[in-house]
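This report walks through selected features of one protein model. The sequence and the structure come first, and the notes follow.

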Amino acid sequence: FPFPYRPYPIQERFMAALYAALQAGQVGIFESPTGTGKSLSLICGALSWLRDFEEKKKQEEAQLLALEDKEEKQPLASDEPGRPDSKGSSGEPDWITAFVQKKEEQDMVNKLKEEQIRRKKREERLEKIRHNVQLKYAAKRKRSEEDETKRLLQLSKEALSEGAGAEVLEQLDHNEEELILAEYESDEEKKAASGLEEDDDDDLEEEHVTKIYYCSRTHSQLSQFVHEVQKSPFGKDTRLVSLGSRQNLCVNEEVRRLGALQLINDRCTEMQKNKHEKKSGEETEGKKRRVSRATCPFYSYEQMQFLRDEVLVEVKDIEQLVALGRETKACPYYGSRYAIPAAQLVVLPYQMLLHEATRSAAGIKLKDQVVIIDEAHNLIDTITCIHSAEVSGSQLCCAHSQLQQYMERYRKRLKAKNLMYIKQILYLLERFVAMLGGNVNQNPSCQAVSQTGTVLKSINDFLFQSQIDNINLFKVVQRYCERSLISRKLFGFVERYGNPATAVRMNKENQRVAGLQNFLLTLQQGSEKEGDPPVEPENEQLRAASPLMQIEGFLSALTNANEDGRVILNRQGTVGQSSLKFLLLNPAVHFAKVVKECRAVIIAGGTMQPVADFREQLLSCAGVDPARVVEFSCGHVIPPENILPIILCSGPSNQQLEFTYQTRDLPQMMDETGRILCNLCNVVPGGVVCFFPSYDYEKQVHAHWEKTGLLTRLAAKKKIFQEPKKANQVEQVLAEYAKCIKRCSQSAGQMTGALLLSVVGGKMSEGINFSDDLGRCVIMVGMPYPNIKSPELQEKMTWLDKTMPRAAGPAPSRVLIENLCMKAVNQSIGRAIRHQKDFASILLLDHRYARPAIFNKLPQWIRERTQVKPAFGAAFAELRKVSTFSYAWL
């Protein structure tokens, strides 16, 4: 395999296993610990397979075409005179069978020839762009000319406004704007500037070449992967495109300022619609002058073609793509999508791939393609979250009021079918609020709920009890809401009339709209009276202006099969604070479409243990043949002596360590934990990271230590930091933590570093690297089992026990609880070892970790080096020895 440096043996094994899985069309679960070069192994293994696959396909095509040329020179045997008709096995004469077969072969050959011509044209065009600087210069010069023209027209308008009357200015302004936009947006006239042939736009319709879709969790992880591709041997030859949301890719500052994703999406769609309306309006414009609406200057056909080609010529990440979009005055969001058919590697967030509607809107076709899902340890939870939906009582009441006002205002202009569907939606909203114990005609913040609590219902029971089981939700959601764009029209209506701060002239036509303003104002005042916590401005705007969009997602979720989900009625305090939530129980039903269409699927991660969840809940339920599933797990590149995992069963005072929900609050358990930390901080240099099961428990232990004086003893050796709850404070805490450790290592004083109190499943248990001195010891306090009293978790457990086949071992629900716990543990303890020369100790404080069922769910590279220590003395001696040795070794 081509590699930028000499690969580790485990990387070679990883790439060989990956290549074999792609070749055989398997579903692979691949585990490679962080720090072992997993990304490069994925890149080089997968792109090596793709290169060989393309080469083999070309050879087969060449052989088929050569055979066709040879056969064209020889007449068919059935054409010979005097040969009697004979019958084939199908009952048809042989000459008919031969004719049909010949035609099929000819169609295939013609298709291959067209593909070859298209491929050759694309390669020539990209090569031309790659080596011809004049083309780029010509396109750039044309953009500069357009900018200059726009600037001059603006100056002319300003000059006119100073010298002429307001009426003349308004007329000229309108005419000039029409002229500029027509020139700036014209699709027909923008063919020649890039120096490409006129028929090059055929590439927009080209077939999708065999490609690899690489998905990861965040945009930063995707950017990191793209940088690895750039550094790899495939960096210069691979056609790669990065996809993202409008929020990440939009370059129109007016739209970006909206902040909230849904508002950005809607404004973008509206601007496109305005553009198409403008074109049709110019053709049919009569005496009545149409109103000019904003269109996006970056949605330019020619410039997006140019951007598409630039993306395919050279590997670019999201930031480089956005910078290119600003420079070329082209939309990166749509320009990148034009590049998908010809791309060999498509990099995208896995939410975009796992949601069918989003996948379809993005132009992603999975048929016979390869999908690699990286950082997939939370894949099941991600699919569940993507396809679950929640709406609050405030949103339901607000949407009802908005839609009621909209219907009353435009009743005379609405057709009968429109009116019928709007009334159906109003009825649905009314019944949903009634299920929460409220009335849509009253302020939800002032309506107290009589029976509080959480109730779970099957989809059918919920529909029946809501009295909406006679309404076809498929028709309402898929036919009407999606095609009529009612939520976007309603958003425009509210944006125009619904803002309480905006004065609206009161006349007969819009007196009814005042009701909407007053309702929104009472919502705002009611929220303040109730003492709700403040929300972000864009979230407030989204909640007030666009609740129907959220409700559409809930309605769509109700079209799932009855056995695959549950509806949760959460009645709390007031109707406004209450909510309806759809919980997806069977994520496999949505993942099945991905696995069925793809040639091969690779589920990869640094820590995939325990893998039973993937096999049983995801793949088996999705109908994947067990023979098609392959597992691969490799060790770490660090020497065995660089890691010391210890399961500690008791503390310094021989107190048994068992942090169950009943015992962990005992003062003696918190005291014992403090003593262990005090002893460790005396011998472990640099940074110590201690993980607690929850924020509440971490806060409780911290307060207890402060009260008993243990905190002061700890602070003498290590400066203490606490993980913040707010995400925007994490970077600051980490920076101060790192700065403190660096300062202590340089000063060689009494204080030897820092202690970071973190939370399992918090901001620092995933995606944060505690490499080198930042994490010389990682401590796990207890076992972070999920809250078993959660109604959602209880429903999931019940569903698993009913659905999953019962083996000889523990019940599927018990296995789920253990797996959730150990996945969280494995993610947290894997934070310390980040490269080949790193070293750290890992301390698991609970004797239950030594149980075989739990112990076997640790990652293999940690499990095979783990020591079980019944007493603290022996564990402390090992920790002292490894800390002294490791620093001497460095």
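## Two loop residues with positive phi

Gln 467 lies in the loop that joins helix H18 (459-465) to helix H19 (473-484). The model is a predicted one, and in it Gln 467 has a positive phi of about 60 degrees, although it is not a glycine. With a relative accessible area of 45%, Gln 467 is partly exposed; that class runs between the 20% limit for buried and the 50% limit for exposed.

Asp 368 is another residue that is not a glycine and has a positive phi, of about 60 degrees. Its place is the loop between helix H14 (356-361) and strand S5 (370-373). Asp 368 counts as partly exposed because its relative accessible area is 48%.

## A cis peptide bond

A further loop feature concerns a proline. The peptide bond that runs from Gln 609 to Pro 610 is cis, and its omega is near -10 degrees. Pro 610 sits in the loop between strand S10 (600-605) and helix H25 (612-620).

## The chain as a whole

The protein chain contains 34 helices and 18 strands. It has 890 residues, and 51% of them count as buried.

How much of the contact count comes from residues 24 or more positions apart? Among contacts in the protein chain with a separation of 6 or more, such residues account for 80%.

## Helix H16

Helix H16 covers residues 393-410, which is 18 residues. Is H16 mostly covered or mostly uncovered? It is mostly covered, since 15 of its 18 residues are buried.

Leu 680 belongs to helix H26 (residues 667-683). Its relative accessibility is 0%, so it counts as buried, the limit for that class being under 20%.

Which residues does Leu 680 contact, apart from neighbours within four places in sequence? They are Cys 777, Ile 779, Leu 843, Phe 876 and Leu 879. Leu 714 is 34 residues from Leu 680 along the chain, and the C-alpha atoms of the two are separated by 9.8 Å.

## Cavities

Rolling a probe the size of a water molecule over the atoms shows where empty space is left. A search of the whole structure finds 6 cavities of 30 Å³ or more. The largest cavity has a volume of about 130 Å³.

The lining of the largest cavity is made up of 14 residues. Those that lie nearest its centre are Cys 250, Asn 252, Cys 268, Cys 296 and Cys 331. By class, the lining residues divide into 11 nonpolar, 2 polar and 1 charged. Helix H9 (261-284) and helix H12 (332-338) each supply at least two residues of this lining. H9 gives the most, with 3 residues.

Note on methods:
Residues numbered from 1 in each chain as written. Predicted model: local features only at pLDDT ≥ 70, side-chain atom pairs only at ≥ 80, totals over all residues. Heavy atoms only, no water. 1 Å grid on protein atoms, 1.4 Å probe; cavity = no way out; pocket = protein on both sides within 12 Å on 5 of 7 lines; lining within 4 Å. Points joined across faces, edges and corners; volume = space filled by probe spheres on them. Helix = DSSP H or I, 4+ residues; strand = E, 2+ residues; numbered from the N terminus. Nonpolar A, V, L, I, M, F, W, Y, C, P; charged D, E, K, R; others polar. Buried < 20%, exposed > 50% of the residue type's maximum accessible area, 1.4 Å probe, protein only. Contact = heavy atoms within 4.5 Å. Expected span 1.5 Å × (residues − 1).
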